[in-house]
Structure formats: C-alpha cells, structure tokens
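I opened these notes to follow a few local features through the structure, one after another. The entries keep to what I looked up.

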Amino acid sequence: MLKDRSIQGFLHLSFSQMNKDRFFKYDVTSLLPVSEVLEYDVNRKKILGIFGGIVDALLSAEEYMLIEDT
C-alpha cells in the first residue's frame, strides 16, 4: 500500500528485489535530520510544526490501516 500511494506525512517508498533480498528505499536527499533542524532558532512554532507533522502522519497511517486505533 505504501508503494502505490502517496500518503500525507510519509516519504515516497520505492521497492527493489535482488534474488531473495528485498529492499525498501526512501528518497531523503532534500531532507534534514531533526538534530540539524533543532540546532538553530528553536522556537515554539518550529516545535509545534514538528509535532503537528508527526500527528498528521499517525492519523494518515490509521486512515490507511497501517496502524490500529487503540
């Protein structure tokens, strides 16, 4: 499901297989690690944006039945 759809809050996934080995790849070339994002100018708006993105991703995951509502 992740391979064939673009789900808000999730990186695009590509899949490849070599013999019996399977690989899932995410394109992260234009992204920054959280440690770098929080290194400079940390403020309430930036922190809330990060947590808001996490919440959006979790809600999308639930909508696509990737996680269960507990």
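I began with terms: helices (H or I, at least four residues) and strands (E, at least two) are DSSP runs, numbered from the N terminus, and two strands pair if DSSP finds at least two bridges between them. This is a predicted model, where local features need pLDDT of at least 70 and side-chain atom pairs count only at pLDDT 80 or more, while totals for chains, interfaces and linings use all residues. Residues are numbered from 1 along each chain as its sequence is written, and side-chain values use heavy atoms, with hydrogens and water left out.

I looked up the hairpin, which β1 and β2 form with two residues between them, and I noted that N19 in the turn has a positive phi of about 55°. Strand β1 (residues 13-18) pairs with strand β2 (residues 21-26) in the antiparallel sense over six bridges, and F15 stands opposite F24 in β2.

I then searched the whole structure for aromatic pairs (Phe, Tyr and Trp rings, the six-membered one for Trp, with centres within 6.5 Å; planes under 30 degrees apart are stacked, over 60 edge-to-face, the rest tilted), and one was found. The ring centres of F15 and F24 lie 5.3 Å apart with planes at 50°, so the pair is tilted.

For exposure I used relative accessible area (buried under 20%, exposed over 50%, partly exposed in between; 1.4 Å probe, protein chains only). F15 is partly exposed at 32%, whereas F24 counts as exposed at 55%.

Last, I turned to L66, which lies in the segment after α2 (44-63) and is partly exposed, with a relative accessible area of 35%.
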